[in-house]
Amino acid sequence: MELIVGVRVGDIHLDLSSPERLGFGKIFKVDSLNLILGRNGAGKTRLLLELIEKLTDNLEQGDIVYVDHDGVINAVAANSLDGLGVIYFSALPYSRKLPANRKFVDASPGKYGIDSVGDVEHFVSVAYSLGISTALTAYVSYSNYVLRDVLVPRLISSDEVVDPVLKERANEYKVLRSEGAIQGSIAAHQAKVKDSLFLVVDRLQKLLSEFFNDPIEKIQYLSALEYVTRKKKKYGALAADALLSKAGICFYNGESFHESVILDLVELVNNARAVSAKFSFSPDYDVDEFSYSFSIASQEDVGFVRHGETLIKIRWSMLSSGLQALIEQFSLIERAVHRLSSSGSKRVILLLDEGDAYLHLDWQRKYISLLNDYLGDLRLRFELDALQVVLATHSPIVAADLPDSFVMNLDAGVNPINTFASPIENVIRGAFDSSSIGKFSADLINGVYERVLHHRVTDEDKRIIEKIGDVGIRKAILRELEGDGVMWEEGSNDN
């Protein structure tokens, strides 16, 4: 099997494998894993995008790919490699225009997102495979939209509003909305319209609560109405008329509603009731004015909830946004591998653009290990001939997780150092040519030190000196003070 050991992109030669790296033995479960470091603007993302272009373009671009065939390195054209596919994933919150062809999948969020592939069950499966346990919450809810933008417009266009209080408020709202700002400012008039609408919605809510009696039933029917309206607005208007008429809130002269309109709402409500009852009894629901929720425990439960057309939605509980992003990332990468594998690409290069972004420091520490294990499993499950990974990162914790033989720095003038398992301050200084101390604190301390040198130290400066966490820096400043004959016990300035 031929393994890609390097790619030439302009003046840059990106090594994916080398005799030095092979000397470490098989430390990865994938065929190669390499880091790209550099400051902002160093060209990490640009390099990844150029790699996509070079590896997936069918045009002849010369011999830019180096492959190892039974120990012999050959330079070949990228379009001569059969079964090659490229996946790009960026966790960054802006999109780029990327080429689309059968050899390439952009797995970034927003391209093939979780919702678009309908894979809540798969999302849960990925979480479990990563050893991330989290509670799942199923919920049925409606929003102010169904009251303000669906029911109220149908209410004021009805022939008769039964409740006198609601009728008066609806008429006032209708007049205010239609007359415009005759006197005074537009903002003041808009505020009056908003207040009037609030009074209509408030009374409507009370009447609906009296009709349904059970708050769960009210939530279910309003959720069903919002569901059908968002699917088809005109049908939602018919359903709103039917619901208002059924509740005895409005009358529509000479109109009869198709029984099927109400039956559609009833079917959705009955489905939600049946699913909800499987997991919990009504008294155990977590209920507020707009929703009720209950816990689900397993991947199989997710499948049961999601079966058929349902009002029930699922969300994570007690899971940080960073962890959700990590699970989504691995899920989307798996989808992309499946897509390429199904189309015949069995040699995959995965380009990750700051896949560790947004993760808590402890999950950054685990990122390479999780990635290696998960991708190794994907390689076996999809029977890939090769899976090679290139990761661009700004994280010193991730940079410290690999021997420097697997790290490429794009910054000019930065001498490579052995970052492997190094203290973070050494990695920041050596691999990123930066400081582990924040600029604000550094400027503050430099100002204090300058005043110490010029014999202008204040009590406020002394308090700052006492709070410096770096023992070496604190002692250096104290030595200067002692040289000036300034003495005080640390902590003496504490209140």
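A: Happy to. Both faces of β15 are covered: Ala-386, Gln-388, Val-390 and Ala-392 are buried on one side, and Leu-387, Val-389 and Leu-391 are buried on the other. That makes 7 of its 7 residues buried, so the strand counts as mostly covered. Please keep in mind that this is a predicted model. As background, side chains in a regular strand alternate between the two faces of the sheet.

Now for the sheet around the strand. β15 belongs to an open sheet of 6 strands with parallel pairing, in the order β7-β6-β14-β15-β3-β16. The edges are held by β7 (104-106) and β16 (407-409), each with a single partner strand, so one side of each is left without a neighbour in the sheet. On average, neighbouring strands here are turned by 15° against each other, direction ignored.

β15 itself has a partner on each side in that order, β14 and β3. With β3 (residues 32-37), β15 (residues 386-392) pairs in the parallel sense over 5 bridges. Along this pairing, Ser-32 stands opposite Gln-388, and Leu-33 has Val-389 as its bridge partner. On the β14 side, 7 bridges join the two parallel strands. There, Arg-347 stands opposite Ala-386. To get from β14 to β15 the chain passes through α13, and this β-α-β crossover is right-handed.

That connecting helix is worth a look too. Helix α13 (residues 361-381) lies across β3, β14 and β15, and runs at about 155° to β15. Another helix, α12 (residues 321-342), lies across β6 (84-90), β7 and β14 (347-353), at about 160° to β6.

Finally, a step back to the nonpolar cores. The largest has 57 residues, and those touching the most other members are Leu-147, Leu-151, Leu-155, Leu-204, Leu-208, Leu-225 and Ile-249. Among the elements that give two or more residues to this core are α5 (144-156), α6 (164-179), α7 and α8 (215-231). Leu-155 shows how such contacts reach along the chain: its partners include Val-161, Leu-166, Val-200 and Ile-249. A second, separate core of 46 residues includes Phe-28, Ile-132, Ile-333 and Leu-350.

Notes. Residues numbered from 1 in each chain as written. Predicted model: local features only at pLDDT ≥ 70, side-chain atom pairs only at ≥ 80, totals over all residues. Heavy atoms only, no water. Pairing = 2+ DSSP bridges. Helix = DSSP H or I, 4+ residues; strand = E, 2+ residues; numbered from the N terminus. Axes fitted to C-alpha atoms, helices over the stretch in contact; angles between N-to-C directions. Contact = heavy atoms within 4.5 Å. Core = buried A, V, L, I, M, F, W, Y, C linked by side-chain atoms within 4.5 Å. Buried < 20%, exposed > 50% of the residue type's maximum accessible area, 1.4 Å probe, protein only. Right-handed = clockwise from strand over helix to strand, strands pointing away. Lists of a residue's contacts leave out its neighbours within four places in sequence.
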